[in-house]
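Let's take a friendly walk through this structure. Please keep the sequence and the 3D view at hand.

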Amino acid sequence: MNINKKNKGLTFLETIASVAIILIVSSFLFCKIIDYNEKKDLQISRHLIQNIFMKYTNKSFYQKIRYLLEIDLKNKILIIKNQNNEVIEEINLPLKLKYEIPYENVRNPYFKVETTKTGNLSKAFTFYIFGYKEQVENRIAFYTFQKEKILKLNVYLNQNVKNIYYKNIIEYHYSQNGQNRIGWVEEE
């Protein structure tokens, strides 16, 4: 009998080790893909919101007419209507993200704002965007200064704001840290 017979397959332990390595690498790649998709969705949301507001405030300024911007936060849609209340455009925001506009100390699942003929908005507000885990990630502040005729908006990125989620955004927004924008950095 030949005792030195060569093993032509993997041993059980080698198989387990190979599967474990594949699972670890796969889970790492899966997490990276989710992070990439979240960052992409956040960027798309910021740009869609900025662009739609700038587009219609500029149109108001040059055409001297008003537009109604309705923000359906539950269905994640921006709806733009003309003076006759006819829908001109609908913009869908990324569905995996959450959004909130704290106004008058309450949640506003459906928020309406008008453009002015001078290229501004009828009211100032802050638009929060939350990541996949409902952590606040972005903050878009819409300012309506009386002296300025054109809309001013600032986009802030979460630099080190911790433990602020969709569920507690109202309390945070009206807190001292929220009002002073502590932990936020302005997007360039």
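Predicted model: local features only at pLDDT ≥ 70, side-chain atom pairs only at ≥ 80, totals over all residues.

The largest pocket has a volume of about 220 Å³. Its lining is made up of 14 residues, and those closest to the centre are Phe125, Thr126, Arg139, His173 and Gln179. Strand 6 (125-130), strand 7 (136-143) and helix 3 (176-179) each give two or more residues to this lining. Strand 7 supplies the largest share, with four residues. Sorted by class, the lining holds eight nonpolar, four polar and two charged residues.

| Residue | Polar contact partner | Distance |
|---|---|---|
| Asparagine 154 | Tyrosine 156 | 3.2 Å |
| Tyrosine 110 | Glutamate 70 | 2.5 Å |

Asparagine 154 sits in strand 8 (residues 152-158). With a relative accessible area of 9%, asparagine 154 falls under the 20% cut-off and therefore counts as buried. Apart from neighbours within four places in sequence, asparagine 154 is in contact with Arg139, Ile140, Ala141, Tyr143 and Glu186.

Tyrosine 110 belongs to strand 5 (residues 110-114). Its relative accessibility is 39%, between the 20% and 50% cut-offs, so tyrosine 110 is partly exposed. Setting aside residues up to four places away in sequence, tyrosine 110 touches Glu70, Ile71, Asp72 and Ile79. How far is tyrosine 110 from tryptophan 184, and what separates their C-alpha atoms? The two are 74 residues apart along the chain, and their C-alpha atoms are separated by 26 Å.

Note on methods:
Residues numbered from 1 in each chain as written. Heavy atoms only, no water. 1 Å grid on protein atoms, 1.4 Å probe; cavity = no way out; pocket = protein on both sides within 12 Å on 5 of 7 lines; lining within 4 Å. Points joined across faces, edges and corners; volume = space filled by probe spheres on them. Nonpolar A, V, L, I, M, F, W, Y, C, P; charged D, E, K, R; others polar. Buried < 20%, exposed > 50% of the residue type's maximum accessible area, 1.4 Å probe, protein only. Polar contact = N/O pair within 3.5 Å; in protein donor to acceptor, adjacent residues only side chain to side chain. Contact = heavy atoms within 4.5 Å.
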